[in-house]
Amino acid sequence: MAENAATDLMLERLEAEQQFALWHDLVQPLFRVSLDEESAAGFRAEVQAVPVSDALLTTATSRAQSFERSMGDVRSSGWDHVVIQHYVSGGFEGLCGERAVSVAAGDINVLDLNRTLRTRATDFSNLTLILPRDRLPIAGSHDLHGRAIGRGSALATVIGSHLRSLAEHAGSLSPREASAALDALCLLLSGSDLREADPLVRAAASASAHERICAHIDQYLDDPTLSPAGIAAACRVSRATLYRLFGFDGGVMAYIAGRRLDRAFTALSRPDDGRTSIAQVAYRSGFASETHFSRSFRARFAMTPRDARRLAREGLHPVAAAPGLSPRDWVGTIRRLRETF
């Protein structure tokens, strides 16, 4: 297969829970994803990925889901990239850092993989360009995380057209042509009203409290006594501030539960020799009740803990891309997954 050929991952032959299991691990280098019950019942997703010079362009279609990127994910992924997205249909809303965002079809939005994110998307189809930070000079001086060029702008239409054309023709471009196509896109972005974004110094100051709290939560995630009062005292913020920062997650305890479930999902997704029981995984993840753990796990991942372990043993759970892998290496992961079913 050519180095810059497009790679498709179509999951329609699998049951909904198996589709989500694969999708969850595939997307994990970028985001942690979760479902509500309505989306879980008929989950479906497909993705096409194609390298464009030193960037990666994906075209994805999926059911509604929530996306999260914590400071722990930022530290472990090793990806110093900026994400440019064009939603062809659907959209999302939530928090990028501490900025409230709402993106609809036709918008061009920017995400910074060095920042946290918690969003909720409707059923969607989008194009996502994962771009090395130094490709986009404006990303080195301005806080672009969560910023968007509105769909009413002619420039948003031009950039969306450019991304769709890249997705269609990237496999036929020479390395020099692919690099020039990226340069043209970055020039369009740099000439947009993204220049009105806050300077990075101001953005870093506003985000520091939230990131410090997330780091503290990750450090003490397995402590069943972790509480809002203790977190507020340890991080030197008021409880009112703490609740405001985690309002989109349904509260700080809901955020903690989600992080614990993500940790348990990772543990159960590793094939093992059966010596670790599901109850032990629950307790090690900070849950005091196995029943509560199983009920919460099913609500978040549309499967039981036992289902997750069974899928891992059957080889239907892919190994997530290792920390530090480049987006181009991620294409290799997609190709290997496609060969497993």
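In this predicted model, five antiparallel strands make up an open sheet, arranged in the order β2-β5-β10-β7-β8. Strands here are DSSP runs of E with at least two residues, helices are runs of H or I with at least four, and both are numbered from the N terminus; two strands count as paired if DSSP finds at least two bridges between them. The edges of the sheet are formed by β2 (32-34) and β8 (99-103), each of which pairs on one side only. From one strand to the next, the twist averages 15°, with axes taken as lines fitted to C-alpha atoms and angles running from 0 to 180 degrees between N-to-C directions. Strands of a sheet are held in pairs by backbone hydrogen bonds, in either a parallel or an antiparallel arrangement. Within this sheet, β5 (residues 65-69) and β10 (residues 117-121) are joined in the antiparallel sense by five bridges.

Turning to the side chains, the structure contains nine aromatic pairs, that is, rings of Phe, Tyr and Trp (its six-membered ring) whose centres lie within 6.5 Å, counted as stacked with planes under 30 degrees apart, edge-to-face over 60 and tilted for the rest. Y87 and F124 form a tilted pair, with 5.7 Å from centre to centre and 55° between the planes. Because Y87 belongs to strand β6 (residues 81-89) and F124 to strand β11 (residues 124-132), this pair ties together parts that are 37 residues apart in sequence. Y87 is buried, at a relative accessible area of 3%, and F124 is buried as well, at 4%; buried means under 20% relative accessible area, exposed over 50% and partly exposed in between (1.4 Å probe, protein chains only). Ring pairs also link both residues with F31, F67 and F92 in a cluster.

For the chain as a whole, there are 13 helices and twelve strands, and 54% of the 341 residues are buried. Of the contacts (heavy atoms within 4.5 Å) with a separation of 6 or more, 76% are between residues 24 or more positions apart.

The pLDDT, the predictor's confidence in each residue from 0 to 100, averages 81 over the chain, and 81% of the residues score at least 70. Residues 200-206 fall below 50, and this stretch has eight contacts in the model beyond near neighbours in sequence.

Residues are numbered from 1 along each chain as its sequence is written, and side-chain values use heavy atoms, without hydrogens and water. Local features need a pLDDT of at least 70 and side-chain atom pairs count only at 80 or more, whereas totals for chains, interfaces and linings use all residues.
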